[in-house]
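Biologist: I would like to learn how to read a few features of a protein model. Please give the general idea before each case.

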Amino acid sequence: MKLDRIDIKILHVLQQNGRMTNVELSEVVNLSPSPCLMRVKKLQSEGYIEGYSAQINVARLGQTLTVFTEVTLKNHRQTDFARFLAAVEKIDQLIECHVVSGGYDYLLKFVTTGISEYQEIMERLVELDVGIDKYFSFVVLKSPVVKGHLPLTNLFRP
């Protein structure tokens, strides 16, 4: 499916407000409701829209700790990467895992109840012997800019 500027605009608007009605969406993207709904359904069926979710204000629920962790593996065979990923995928507190270039192999993002929980997770990972050579932890003190959406209209201009 080749996306046009209206498809990109639909995606851009929906990622900012997934609860918007089809009528509201159609007005924003300058389409009548029926063709707009057909495009949204097509975007869903083609896998461009994977789902809808609520953005939760975690601070209102209670205190949490966010930690970014750089991980370097001892070996770099495919089996080593697979073993590490199989272990970290099971950790609920791990909310992002990125394979990166540079001085380490993975950048992980954890959200935990506190430093003790984070420390227990990392100690367990090291004890599992999933190939970790070293890791460095960066505790988030404050997050002045966090965006829940991508600049789709800037990134993709059909």
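Biologist: How many aromatic pairs does the structure hold?

Modeller: Rings of Phe, Tyr and Trp (its six-membered ring) pair if their centres lie within 6.5 Å; planes under 30 degrees apart count as stacked, over 60 as edge-to-face and the rest as tilted. The structure holds 3 such pairs. In one, the ring centres of Phe81 and Tyr106 are 6.1 Å apart and the planes stand at 65°, so this pair is edge-to-face. This is a predicted model, where local features need pLDDT of at least 70 and side-chain atom pairs count only at pLDDT 80 or more, while totals for chains, interfaces and linings use all residues. Residues are numbered from 1 along each chain as its sequence is written, and side-chain values use heavy atoms, with hydrogens and water left out.

Biologist: Which parts does the pair of Phe81 and Tyr106 tie together?

Modeller: Helices (H or I, at least four residues) and strands (E, at least two) are DSSP runs, numbered from the N terminus. Phe81 belongs to helix 5 (residues 78-88) and Tyr106 to strand 3 (residues 106-112), so the pair ties together parts 25 residues apart in sequence. Ring pairs also link Phe81, Phe84 and Tyr106 into a cluster.

Biologist: Are Phe81 and Tyr106 buried or exposed?

Modeller: Buried means under 20% relative accessible area, exposed over 50%, and partly exposed in between (1.4 Å probe, protein chains only). Phe81 and Tyr106 are both buried. Phe110 and Tyr118 form another edge-to-face pair, with 5.4 Å from centre to centre and 70° between the planes; both of these residues are buried as well.

Biologist: What should helix 1 span, and how far apart are its end C-alpha atoms?

Modeller: The expected span of a helix is 1.5 Å times one less than its number of residues. Helix 1 has 12 residues and should therefore span 16 Å; its end C-alpha atoms are 17 Å apart, which agrees.

Biologist: Which residues of helix 1 are buried, and what covers them?

Modeller: An α-helix has 3.6 residues a turn, so residues three or four places apart point the same way. In helix 1 the buried residues are Ile6, Asp7, Ile8, Ile10, Leu11, His12, Val13 and Leu14. Their cover includes helix 2 (22-28), helix 3 (33-45) and helix 7 (152-155).

Biologist: Where does Lys9 lie, and what does Lys9 touch?

Modeller: Lys9 is in helix 1 (residues 5-16) and, at 36% relative accessibility, counts as partly exposed. Contact means heavy atoms within 4.5 Å. Leaving out residues up to four places away in sequence, Lys9 touches Val28 and Val29.
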